[in-house]
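Dear colleague,

I am handing over the structure below, followed by an account of what was found in it. Please read the account with the structure open beside it.

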Amino acid sequence: MTLTGRLGSSSRPVRVAIIGAGPSGFYAAGALLQQKDAHVSIDLLDRLPTPYGLVRYGVAPDHQKIKSVTRIYERTMKDRRVRYFGNVDLGSDVTHAELKSQYDQIVYAVGAQSDKRLGIPGEDLEGSFSATEFVAWYNGHPDFRHFDFDLSVESVAVIGVGNVAMDVTRILAKSVSELETTDITDYALDALRNSNVKRIHIFARRGPVQAKFTNPEIKELGELEIADVIVNPADLVLDDASQAEMEGDRTARRNLETLQELAERGSTGKPKQIIFHFLRSPTEITGVAGAVNAMTTEKNALQETESGYIACRGIGTYAEYDVGLVFRSIGYRGIPIPGVPFYDRWGIIPNEKGRVTAEHGGAVVPGEYTVGWAKRGPTGVIGTNKPDAVETVKLMMEDVKNAAVSLPGDSASVNSSGSHTDGHGRPGDIVPLLQKKGVPYVSFADWQILEQIENERGALRGQPRVKITDVDEMLRLIQSAKAEPVLP
């Protein structure tokens, strides 16, 4: 038996599949390329034809500067050791077992695609949505392009005070002139152009110190053309525990200062109002003919727990607000992937610092890893995913080093993890498998065709891009462009 090379050698690089081409997936790929312990070959697979995940479909259209991070991801894709396979769905187009047969290591960078629920009566009435759905709709996610939001109503409730809640509020409160130079989708801009929304109520179950928005997000609300921000000064009077918590939190201190400035400014007569309600928890959504027409909230009081956490409890005082739309923005959670362990309580893939485990606190699953929100839950900003990915990749390289795999070079074999190889000691390439199944996968070069079309359409209108939101149209445009003859 001839030995052709150790796993991680130049003759036998580590074959890695990264499932999910969002920020965490790209940071994982970048960390793998930068490490010096082993030669690697990386395939990035994504369910959608388009890469960049949360940057494309989660970052608000009026935050173009944040989206410039894709330039870093483009550099990763230009490395000859990396390939992109868009429009490939794990579970339908390729199974977990097939992935195991094709790769030495699998990294799940699938994010947290679902949202947490309020768990109150009326949550499923027509007009009650998650912020996730609204954000995906106005950002052109193919799965949400057909959603219908009734913007003929005058009052909207946004539940939560994180950055996503602020994004939803800002998009509803902005003028068309403020939005038409962004990359918001055409259908969303048309709907907002005809919007009748005049009041956006923001509800926070705790106080201003515990709010999770960043200071730039709250300051932006005070700079809108056609919307005033209304804050009750009484809500900004802190209890002792909140005062102590703020002293060690620079962001919370700056947020409170900004809220105080907004409270002092009050109404200036602009046609829209953004109204903050602190210490209020929704208890019921009510409707007429199956559609939302009001929401009831209970007043809360803050209470410090033994651990130091500032919790809240209802005090039995209720208020009803006439609203026609409700957007909940109280957190995200992952969804299970066929064949992959899932810890339902936390909504993540169970893991030990990135190594996937069979269950929470269970045995490590060899060759499988996770990064990003699927690993740690929906916390942090885009950049948080970088050190998170580095931590996982370090463990991946430790496992390669400890694998001690020597491979035969002249006959089909099964490697140490039970995966079939191609007869040369390498996992089989995924391309023939996808071709055999008739999967119309999208390469990075294909994506660049789409990107150029979007950018050119945008340039004609003074926008960064005009997003293509239909998968079938994406595939048609790619095929049409590739079929055109190259002129000399």
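How many residues lie between strand 13 and strand 14 in their hairpin, and which residue in the turn has a positive phi? There are five residues between the two strands, and Gly308 is the turn residue in question, with a positive phi of about 100 degrees.

Before the rest, two notes on the source. This is a predicted model, in which local features need pLDDT of at least 70 and side-chain atom pairs count only at pLDDT 80 or more, whereas totals for chains, interfaces and linings use all residues. Residues are numbered from 1 along each chain as its sequence is written, and side-chain values use heavy atoms, with hydrogens and water left out.

Strands and hairpins

Helices (H or I, at least four residues) and strands (E, at least two) are DSSP runs numbered from the N terminus, and two strands pair if DSSP finds at least two bridges between them. Strand 13 pairs with strand 14 (residues 310-321) in the antiparallel sense over nine bridges, and Gln303 stands opposite Ala311 in strand 14. Strand 13 (residues 291-304) also pairs with strand 12 (residues 280-288), again antiparallel, over eight bridges, with Glu284 opposite Thr296 in strand 13. The hairpin of strand 12 and strand 13 has two residues between the strands, and Ala289 takes a positive phi near 55 degrees there.

Elsewhere, seven strands form an open sheet of mixed pairing, in the order 4-3-2-5-19-18-17. Its edge strands, each pairing on one side only, are strand 4 (82-85) and strand 17 (351-352). Within this order, strand 18 (residues 355-357) and strand 19 (residues 364-370) run antiparallel and are joined by two bridges, and Arg355 stands opposite Tyr369 in strand 19.

Aromatic pairs

Rings of Phe, Tyr and Trp (its six-membered ring) pair if their centres lie within 6.5 Å, and planes under 30 degrees apart count as stacked, over 60 as edge-to-face and the rest as tilted. A search of the whole structure finds 23 aromatic pairs. One of them is the tilted pair of Trp137 and Tyr187, at 5.6 Å centre to centre with 50 degrees between the planes. Trp137 lies in helix 6 (residues 131-138) and Tyr187 in helix 9 (residues 186-193), so the pair ties together parts that are 50 residues apart in sequence.

Cavities

A cavity is a set of points, on a 1 Å grid over the protein atoms alone, where a 1.4 Å probe fits but cannot get out, and its lining residues have an atom within 4 Å of a point. Grid points are joined across faces, edges and corners, and a volume is the space filled by probe spheres set on the points. The structure holds two cavities of 30 Å³ or more. The largest has a volume of about 50 Å³ and is lined by 14 residues, of which Val110, Ile335, Ile337, Phe342 and Ile349 lie nearest its centre. The second largest cavity holds about 40 Å³ of space, and its lining includes Asp115, Lys116, Arg328 and Tyr332.

With best regards

Methods
On a 1 Å grid over the protein atoms alone, a cavity is a set of points where a 1.4 Å probe fits but cannot get out, and a pocket is an open set with protein on both sides within 12 Å along at least five of seven lines; lining residues have an atom within 4 Å of a point.
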